Amino acid sequence: MRRDEARRVRLWDPALRLFHWLLAVLVVTNWLLGKFGPSIMTVHFWIGYAILGLLAFRLVWGIVGPEHARFVNFLRGPRAVMAYLRHLPDRNPSNWPGHNPMGALSVVAMLGVLIWQAGSGLVIDPEDFVNIGPLADAAGPEISRAAVGWHSLGADLVLILVVLHVAVILFYRVWKNEDLVRPMVTGWKWVRRTDK
Ligand code: HEM
Ligand code: HEM
């Protein structure tokens, strides 16, 4: 689609943008701390709680937030996803007014895996007598020990999804000549004239 067939609108609200960039920085930091940080994981725990706070905010914002932040406005069925995918190889910008139907799936996957990751952290007990999740006692020994495996699996899934996320955004920039990053910074995005 050509630029003159699109118009520039204020798409992403400031709270959503702040949420996104805070989430990105904190998730990368906490992932690295989990793998390579000190063996007493106090900072990892606190950053984990901050991430939980961000995720809670996003779930509420997805219901009561502005138009483009709301889940009902971007979650689509398989038919819409397939229709979108058919045009994905086209070498022009999608100028999609919001998260596209495929991107919506990755939003859900990322939020879901991060909830899983932070949630398993809350109940984790790696039996090192130091780094015990605050809800490990309440969850009981079976769950808190299994959570070590869940947290480790979650760490791999987070890595895969984040690498995929950045790769797809790079694909849009290079192949489709569409910069998705600037709108996530400024809020302003070129969108198709036909929509809304
Ligand atoms: C750990 C790192 C990251 C995580 C967990 C993450 C997570 C997310 C999530 C959850 C969304 C959906 C936003 C919403 O809530 O509606 C999103 C969108 C987006 N992210 Fe990230 N992100 C990460 C890193 C990055 C990086 C490094 C970039 C830039 C290269 C980036 C660029 C974007 C863009 C452009 C969108 C909007 C896509 C669209 O137009 O639909 N993200 N990200
Ligand atoms: C989304 C947020 C989080 C991310 C990305 C994350 C990431 C990681 C990673 C990558 C590891 C290393 C796992 C391995 O190498 O197998 C780890 C370990 C650990 N994390 Fe997290 N974590 C998060 C939240 C939390 C929270 C909220 C807690 C506790 C309240 C927590 C407690 C722990 C503990 C105790 C370990 C050590 C597990 C062991 O010794 O086997 N994490 N985390």
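1. Glu127 and Arg145 are joined by a salt bridge, with 3.4 Å between the closest N and O atoms. A salt bridge here is a side-chain nitrogen of Lys or Arg within 4 Å of a carboxyl oxygen of Asp or Glu. Glu127 belongs to the loop between α4 (101-122) and α5 (136-139), and Arg145 to helix α6 (residues 141-174), so the pair ties together parts that are 18 residues apart in sequence. Glu127 counts as partly exposed because its relative accessibility is 45%; Arg145, at 41%, is also partly exposed. The cut-offs are under 20% relative accessible area for buried and over 50% for exposed, with partly exposed in between (1.4 Å probe, protein chains only).

2. A word on the basis of these values. This is a predicted model, in which local features need pLDDT of at least 70 and side-chain atom pairs count only at pLDDT 80 or more, while totals for chains, interfaces and linings use all residues; side-chain values use heavy atoms, with hydrogens and water left out. Residues are numbered from 1 along each chain as its sequence is written, and chains are lettered from A and ligands numbered from 1 in the order in which they are written.

3. The overall layout is as follows. The protein has seven helices and two strands, in the order β-α-α-α-α-α-α-α-β from the N terminus. Helices (H or I, at least four residues) and strands (E, at least two) are DSSP runs, numbered from the N terminus. The C-alpha trace spans about 65 × 30 × 30 Å along its principal axes. The protein has 196 residues, of which 37% count as buried.

4. How many salt bridges does the structure hold? There are three. Besides the pair in point 1, Glu178 and Lys189 form a salt bridge, at 4.0 Å from N to O. This pair links distant parts of the chain, 11 residues apart: Glu178 is in the loop between α6 and α7 (181-186), and Lys189 is in strand β2 (residues 188-192). Both Glu178 and Lys189 are buried.

5. Arg182 and Asp179 also meet through their side chains in a salt bridge, again with a distance of 4.0 Å from N to O. Arg182 is exposed, since its relative accessible area is 56%. Asp179 counts as partly exposed because its relative accessibility is 32%.

6. Ligand 1 sits in the largest pocket. On a 1 Å grid over the protein atoms alone, a cavity is a set of points where a 1.4 Å probe fits but cannot get out, and a pocket is an open set with protein on both sides within 12 Å along at least five of seven lines; lining residues have an atom within 4 Å of a point. A molecule sits in a cavity or pocket if more than half of its atoms lie within 2 Å of its grid points.

7. Which residues come nearest to ligand 1? Of the 21 residues around ligand 1, they are His20, Arg58, His99, His165 and Leu180; a residue is near a molecule if one of its heavy atoms lies within 4 Å of it. Oxygen atoms of ligand 1 lie 2.5 Å from a polar side-chain atom of Arg58 and 2.6 Å from one of His99. In the side chain of His165, an N or O atom is 2.8 Å from a nitrogen atom of ligand 1. The elements α1, α4, α6 and α7 each supply at least two residues of this shell, and α1 gives the most, with eight residues.

8. Ligand 2 takes up the space of the second largest pocket. The elements giving two or more residues to its shell are α1 (14-36), α2 (42-64), α4 and α6. The largest share, five residues, comes from α2. The shell has 22 residues, the closest being Lys35, His44, Gly121, His151 and Ser152. Lys35 has a polar side-chain atom 3.0 Å from an oxygen atom of ligand 2. His44 has a polar side-chain atom 2.8 Å from a nitrogen atom of ligand 2, and for His151 the distance to a nitrogen atom of the ligand is 2.8 Å.

9. The two shells can be set out by residue class. Around ligand 1 there are 17 nonpolar, three polar and one charged residues. Around ligand 2 there are 12 nonpolar, nine polar and one charged. Ala, Val, Leu, Ile, Met, Phe, Trp, Tyr, Cys and Pro count as nonpolar, Asp, Glu, Lys and Arg as charged, and the others, Gly among them, as polar.

10. Leu85 is part of helix α3 (residues 78-87). With a relative accessibility of 30%, Leu85 counts as partly exposed. Its C-alpha atom is 7.4 Å from that of Met102, which is 17 residues away along the chain.

Definitions and conventions. Polar contact = N/O pair within 3.5 Å; in protein donor to acceptor, adjacent residues only side chain to side chain.
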